[in-house]
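Me: I'm new to reading protein structures, and I'd like a close look at the aromatic rings in this one. Could you walk me through how they pair up, and then show me what else is around?

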Amino acid sequence: VRTDYDAEYLNDQGFKNVEVIGCPSLIYHLDRNFKIQNQESEIRSVNFNFTSDFRNLRISQKEAVEVHWKLLLWMKWQYERLPQQIHITLQKQPFAEISDMHDILLSYGEIHQFYKDCGRYFYSVEEWIRELKYDDFSMGSRFHGNVAAILAGVPTLMVNVDKRMEGMNRFYHIPSINIGDFNIDRPLEYYRELADYSDFNANYKEKFDVFCNYCERNGVRLRR
């Protein structure tokens, strides 16, 4: 399984032969020496992403709407106020899910121009990673939207929305904050400073070996 959270759940259900091996997406390059270089230069281009999967959140409905909507509005404000080039990687349409769950109508018109000007949708992993290499920083609440940026070598700050995401970031030592700690009044530079990959780099070889050893023991051949 990917996280301690998954392992604990299965153990509670009576499954005892459980091993935490992380998420295969972080092994994409099959490079045991993979590292992310911390960035101190000026931010010129930013990748944002936003989750629409609220079904497994362990927070109140009111908090789910208020906190997540603030995150998306903050991203939109960066687009309106900053000179940097702003992108948002589109993976799902977030508004229908929020409205359906909470009976709250959120106007797409509020961010239509943001999505139109900044939205990107990729149809292959290779293209996705290649384009993200042009960004200097990535941030958002979509786990694999940020993993793609990591694979492109871009320092990334995850915004944890549930225990699974928090568990994967803890396993790999990926810099993250919990959604409840997100502050809409903080500037972009504040969040970029939190994306320190020293611990990630120091622990990556160990996590790489855990995954590869599991595959070898179970007859799974990794294509290089």
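**Rings that meet**

Reply: Happy to! Keep in mind that this is a predicted model. The chain is built from nine helices and six strands. Take the contacts between residues at least 6 apart in sequence: 67% of them join residues at least 24 apart.

Now for the rings. Searching the whole structure turns up 15 aromatic pairs. One of them is formed by Phe-34 and Phe-200, whose arrangement is edge-to-face, with 6.4 Å centre to centre and 85° between the planes. This pair links distant parts of the chain, as its two members are 166 residues apart. Phe-34 sits in the loop between α1 (4-12) and β1 (45-49), while Phe-200 belongs to helix α9 (residues 198-217). Are these two residues buried or exposed? Both Phe-34 and Phe-200 are buried.

Let's compare that with Tyr-204 and Phe-208. Their ring centres are 6.2 Å apart and their planes meet at 40°, so this pair is tilted. A pair counts as edge-to-face with planes over 60 degrees apart and as stacked under 30, so an angle in the remaining range is called tilted. Tyr-204 and Phe-208 both lie in helix α9, four residues apart, which is about one turn of the helix. Like the previous pair, Tyr-204 and Phe-208 are both buried.

Ring pairs link Phe-34, Tyr-197, Phe-200, Tyr-204 and Phe-208 into a cluster.

Lys-207 lies over the face of Phe-171, at 4.3 Å from the ring centre. Arg-186 is placed over the face of Tyr-190, at 4.2 Å from the centre of that ring.

Finally, here is what the strands do. All six form an open sheet with parallel pairing, in the order β3-β2-β1-β4-β5-β6. At the edges stand β3 (119-120) and β6 (176-178); each has a single partner strand, so one side of each is left without a neighbour in the sheet. Look at β4 (residues 137-140) and β5 (residues 156-160), which pair in the parallel sense over three bridges. There, Gly-140 stands opposite Met-158 in β5. Helix α6 (residues 143-151) packs on the sheet and touches β1, β4 and β5. The direction of helix α6 makes about 165° with that of β5.

Methods. Residues are numbered from 1 along each chain as its sequence is written. This is a predicted model: local features need pLDDT of at least 70, side-chain atom pairs count only at pLDDT 80 or more; totals for chains, interfaces and linings use all residues. Side-chain values use heavy atoms; hydrogens and water are left out. Contact means heavy atoms within 4.5 Å. Rings of Phe, Tyr and Trp (its six-membered ring) pair if their centres lie within 6.5 Å; planes under 30 degrees apart count as stacked, over 60 as edge-to-face and the rest as tilted. Buried means under 20% relative accessible area, exposed over 50%, partly exposed in between (1.4 Å probe, protein chains only). A charge sits over a ring if NZ of Lys or CZ of Arg is within 6 Å of the ring centre and within 35 degrees of the ring normal. Two strands pair if DSSP finds at least two bridges between them. Axes are lines fitted to C-alpha atoms, for helices over the stretch in contact, and angles run from 0 to 180 degrees between N-to-C directions.
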